[in-house]
Structure formats: C-alpha cells, structure tokens
2 protein chains.
Amino acid sequence: MRLAAFTDYGVRILMRLADKPDQALTTSGIASELQIPYNHLAKVVQNLARGGYIRTQRGVGGGIRLARAPQSIMLGEVVRFLEQRHAVVECFRSDGGGCLLTPNCRFKSKLAAAQKAFLAELDKTTLVECALPRPRVSRAVAKAK
Amino acid sequence: MRLAAFTDYGVRILMRLADKPDQALTTSGIASELQIPYNHLAKVVQNLARGGYIRTQRGVGGGIRLARAPQSIMLGEVVRFLEQRHAVVECFRSDGGGCLLTPNCRFKSKLAAAQKAFLAELDKTTLVECALPRPRVSRAVAKAK
C-alpha cells in the first residue's frame with residue numbers, strides 16, 4: 001500500500017515544525033533543507049493550513065508554524081486528513097467506482113477494517129514524538145550541489 | 001492510502017476463482033465478466049501464478065484455477081504478495097529513497113507498525129469467505145455495450 005507523496009511531505013513539514021513550535025519556518029527554507037521542490041511543498045502547506053494544522057504569517061519574521069500543540073496532534077489524524085482524496089481501491093471513491101463485484105463484495109468491508117487498523121495504529125503516536133531537528137546535509141550531498 | 005489497481009484486480013480474480021475452485025475459468029472470460037482490459041488481467045494472472053496462487057492449464061478445457069484451497073489463503077497474504085513492489089513511502093523502497101530525515105526519523109517505524117496492523121487485519125479473513133459468483137451485468141450496462 002502506498003501513501004501519496006504529498007502526504008509524506010505533509011508529515012515531514014509537521015515533524016520539522018514540531019521541533020520548535022514557537023519558531024516560524026519559511027516554506028522555501030523547509031523546501032531547501034528537505035530538498036523537495038518548492039511548488040510541491042507550497043501546495044502541501046496550503047492544504048495543512050486549510051486543515052487547521054499550521055498558521056501562515058506574511059511579512060518580516062513571518063512564515064509557517066503549528067496552529068496546535070504538537071502533543072495534541074496524532075499521526076493518524078494527519079494521515080487521514082492528507083489522504084482523504086485517495087481511495088484505497090476504486091469502490092471507496094465517492095462515485096463508487098465501476099467494479100461489477102461491488103453489490104456482493106465481501107472484500108470491501110475487510111479493507112475498510114484494515115484501513116481503520118492502519119490509522120488506529122498511527123493514532124497511538126503524537127507529532128511531538130516525531131519532532132525532528134533540521135537535517136544535516138552530508139558532505140557528499142553538499143558537494144554534489 | 002491506496003492499493004495498486006493490479007492488486008485490486010488480483011484479489012478480484014481470486015475471489016472469482018474461489019467460487020468454484022475445481023472449475024477452470026479463462027483469463028478472457030474473467031476479463032469480460034469483470035470488464036477489465038484483458039492485457040491488464042493477463043499480467044496479474046502471470047503474477048498470481050508466479051506466487052503459487054493459481055495454476056494455468058493450456059488447451060481445451062484449460063484455463064486458470066486456484067492452486068491452493070481457498071480456505072488456506074488469507075487476504076493479507078495475497079495483498080502482501082501483490083503489493084510487494086510498492087513502498088508505502090519512499091524510505092521503504094529497496095534503495096532507501098532520498099529523504100534527508102531518514103537517519104533520525106521516528107515516523108518510519110510507526111508507519112511500519114501501521115502497515116503490519118493493516119495486513120494483520122486482512123489476515124483474519126480467508127479467500128473462501130470472499131468467494132463471489134459471476135457478477136450480473138445490469139440491463140443498463142448490457143444495453144450500453
């Protein structure tokens with residue numbers, strides 16, 4: 001099973017912000033330190049702001065920071081939010097998909113239970129437990145730039 | 001989170017074969033009744049044969065059938081096999097991916113636990129519980145053909 005790259009990026013952003021919740025970081029700063037394209041990150045930041053996970057502040061001294069205490073944010077909640085547009089298989093889409101087995105399928109409810117177990121496992125951990133300092137770029141990577 | 005379309009197709013094929021394990025079905029027959037492109041299905045059939053889930057027999061009266069009793073095949077096992085080439089996020093790839101947070105990341109182990117919980121949930125159900133008869137094509141779909 002796969003999570004979308006944007007979900008992965010979203011969790012990375014939150015992990016970085018959780019390191020020093022009172023300190024604002026810029027999207028371009030995070031993009032640079034995580035070596036993720038700025039445009040991708042900017043979209044994820046917008047989405048995280050819409051979900052109430054981060055606040056953005058323009059101007060000097062501005063940037064993005066967590067909108068809630070990191071100890072109140074569960075990983076499962078974040079993944080559930082960021083993945084909401086991605087159906088586990090087609091019959092989970094809002095349009096129901098086109099699978100002809102759907103009316104009698106017993107796999108769907110099992111998959112729903114498995115998805116619930118996946119998220120419940122992630123709900124055991126708060127963002128504060130995954131807070132991460134700025135990554136060190138290894139000499140090899142820095143030299144290659 | 002998403003499963004690959006080929007995983008979804010693989011489970012559908014096995015669910016159909018589990019309905020009458022002693023009866024061989026043809027790939028083209030399943031493709032037609034499930035309305036899935038033959039070429040896609042043929043690849044999945046090859047993979048399922050490689051995994052020891054189905055046997056294929058050429059010639060008159062040939063086709064594909066389950067290679068094991070459906071009550072001995074757990075859904076989690078099937079999904080684990082069909083998804084083995086898909087990393088949940090990039091750091092789960094065999095090359096380790098390029099995420100700079102990897103050395104200190106605490107999200108990875110939580111994701112691994114969540115993935116395990118997902119599959120453990122699916123391992124509670126056998127294929128025989130999900131066996132499905134040939135789907136009925138509704139009149140609307142039949143007419144549109």
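1. The contact between the two chains draws 36 residues from chain A and 36 residues from chain B, where two residues count as being in contact if their C-beta atoms, placed from the backbone, lie within 7 Å. On the side of chain A that touches chain B, α1 (5-17) and α5 (107-122) of chain A each supply at least two residues, and the largest share, 9 residues, comes from α5(A). That side divides into 22 nonpolar, 5 polar and 9 charged residues, with Ala, Val, Leu, Ile, Met, Phe, Trp, Tyr, Cys and Pro counted as nonpolar, Asp, Glu, Lys and Arg as charged, and the others, Gly among them, as polar.

2. Please keep in mind that this is a predicted model, in which local features need pLDDT of at least 70 and side-chain atom pairs count only at pLDDT 80 or more, while totals for chains, interfaces and linings use all residues. Residues are numbered from 1 along each chain as its sequence is written, and chains are lettered from A and ligands numbered from 1 in the order in which they are written.

3. Chain A holds 6 helices and 2 strands, these being DSSP runs numbered from the N terminus (helices: H or I, at least four residues; strands: E, at least two). Their order from the N terminus is α-α-α-β-β-α-α-α.

4. In chain B, the buried residues of α5 include B:F107, B:L111, B:F118 and B:E121, a residue being buried if 20 or more other C-beta atoms lie within 10 Å of its own. The cover over the buried residues of α5(B) includes α1, α4 (75-82) and α5 of chain A, together with α4 (75-82) of chain B.

Conventions:
Buried ≥ 20, exposed ≤ 12 C-beta atoms within 10 Å, placed from the backbone.
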